[in-house]
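Please look through the model below with these notes beside it. They go point by point.

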Amino acid sequence: MSAASDNAARPVLLEARGLNGWYGKSHILQGVDITIRDGELVALLGRNGAGKTTTMRALTGLLPRVEGRLAFAGEDVLGLPTHEIAKRGLSLVPEHRGIFGTLTVEENLALAARSGARWSIQNVYEMFPALAGRRRTPGGKLSGGEQQMLSIGRALVTGPKVLLLDEPTEGLAPVIVDRLVDLIRDLKASGLSMLLVEQNLDVCMAVADRLLIIDGGTIVWEGSGAELAAAEEVRGRHLTLEHA
Ligand SMILES: Nc1ncnc2c1ncn2[C@@H]1O[C@H](COP(=O)(O)OP(=O)(O)OP(=O)(O)O)[C@@H](O)[C@H]1O
């Protein structure tokens with residue numbers, strides 16, 4: 001049995017059907033369909049401006065106007081405020097990291113932590129020893145890599161069932177990207193489901209069970225890493241980066 005058909009038997013955690021999303025009068029998301037099953041890592045790819053971040057925002061209650069169907073763990077969550085969605089286990093690691101620059105590492109984690117979550121602050125320090133050594137350092141004084149670790153740590157201590165990662169490798173040195181890929185693999189091995197927005201195709205190929213391509217606010221392609229590697233025409237049409 002292939003990995004894809006193994007996954008098809010798993011329960012669906014997140015299901016978006018025909019999601020439409022607007023910023024003011026701009027109709028950005030034009031019928032997005034996304035399914036994430038328990039334990040799956042799905043990568044969302046697309047050019048700059050294709051609608052990746054807007055999709056993440058729509059899934060987590062951060063977009064002012066969204067229509068369509070959005071279910072999490074079988075419950076309709078469309079229109080719920082972000083904290084209610086997070087409470088149910090859908091947690092976003094935002095593109096620009098969303099940490100409080102004047103608060104210490106420990107304070108950043110403590111503000112996000114929820115009792116009963118699968119990951120405690122101590123677990124986060126074990127996962128990221130560099131953060132443990134800097135627990136009294138303000139978030140704004142951390143390196144880019146450390147800020148990314150803190151941002152992921154903040155999401156983990158909320159106790160997610162599905163973690164949404166928006167361009168986690170952006171701006172990081174290659175050696176830090178490698179560490180992040182190892183971490184994402186470890187989180188996946190622990191059973192966590194993830195939706196990963198990532199411009200780095202190698203990273204997506206290395207970790208994802210399934211890849212989706214968004215273009216013009218619509219999912220235009222879905223397949224495995226091997227299928228995308230073979231689909232030169234699809235990559236040329238939908239993934240050429242404007243400022244690569
Ligand atoms: N706050 C906003 N108000 C109005 N339009 C916006 C806003 N944020 C994004 N957009 C527009 O929505 C479209 C999709 O943007 P989005 O940020 O989702 O793209 P993306 O795929 O994440 O690309 P990138 O890699 O550049 O972040 C773009 O045309 C963008 O200009």
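1. Which residue of strand 2 does Gly 21 stand opposite? Gly 21 faces Leu 29 in strand 2. This is a predicted model, in which local features need pLDDT of at least 70 and side-chain atom pairs count only at pLDDT 80 or more, while totals for chains, interfaces and linings use all residues. Residues are numbered from 1 along each chain as its sequence is written. Helices (H or I, at least four residues) and strands (E, at least two) are DSSP runs, numbered from the N terminus.

2. Strand 1 (residues 12–23) and strand 2 run antiparallel and are joined by nine bridges. Two strands count as paired if DSSP finds at least two bridges between them. Another facing pair here is Leu 19 with Val 32 of strand 2. The two strands form a hairpin with two residues between them, and Gly 24 in its turn has a positive phi of about 55°.

3. Strand 1 also runs antiparallel to strand 4, with seven bridges between them. Leu 14 has Phe 72 of strand 4 as its bridge partner. Strand 4 in turn is joined to strand 5 by two bridges, again antiparallel. Ala 71 stands opposite Asp 76 in strand 5. The hairpin of strand 4 and strand 5 has two residues between the strands, and Ala 73 takes a positive phi near 50° there.

4. Taken as a whole, these four strands make an open sheet with the order 2-1-4-5 and antiparallel pairing. Strand 2 and strand 5 (75–76) are the edge strands, each pairing on one side only.

5. Another open sheet has six strands in the order 6-7-8-3-9-10, with mixed pairing. Strand 6 (90–93) and strand 10 (218–223) each have a single partner strand, so one side of each is left without a neighbour in the sheet. From one strand to the next, the twist averages 20°. Axes here are lines fitted to C-alpha atoms, for helices over the stretch in contact, and angles run from 0 to 180 degrees between N-to-C directions.

6. Asp 215 stands opposite Thr 218 of strand 10. Helix 2 packs on this sheet, touching strand 3 (41–45), strand 6, strand 7 (162–166), strand 8 (193–197) and strand 9. The direction of helix 2 makes about 150° with that of strand 7. Contact means that the C-beta atoms of two residues, placed from the backbone, lie within 7 Å.

7. Which strands does helix 2 lie across? Helix 2 lies across strand 1, strand 2 and strand 4 (65–72), and runs at about 70° to strand 2.

8. The ligand is surrounded by Tyr 23, Ser 26, Ile 28, Gly 46, Asn 48, Gly 49, Ala 50, Gly 51, Lys 52, Thr 53 and Thr 54. Strand 2 (26–37) and helix 2 (52–59) are the elements that give two or more residues to this shell. Helix 2 gives the most, with three residues. By class, the shell has three nonpolar, seven polar and one charged residues. Ala, Val, Leu, Ile, Met, Phe, Trp, Tyr, Cys and Pro count as nonpolar, Asp, Glu, Lys and Arg as charged, and the others, Gly among them, as polar.

9. Helix 4 (residues 105–112) packs with helix 7 (residues 144–156) at an angle of about 25°, and their axes are 8 Å apart. That makes helix 4 roughly parallel to helix 7, a label for angles under 35 degrees. The contact involves Val 105, Asn 108, Leu 109 and Ala 112 of helix 4 and Leu 150, Gly 153 and Arg 154 of helix 7. By class, this contact has four nonpolar, two polar and one charged residues.

Definitions and conventions: Near = placed C-beta within 6 Å. Parallel < 35°, antiparallel > 145°, perpendicular 65-115°, else oblique.
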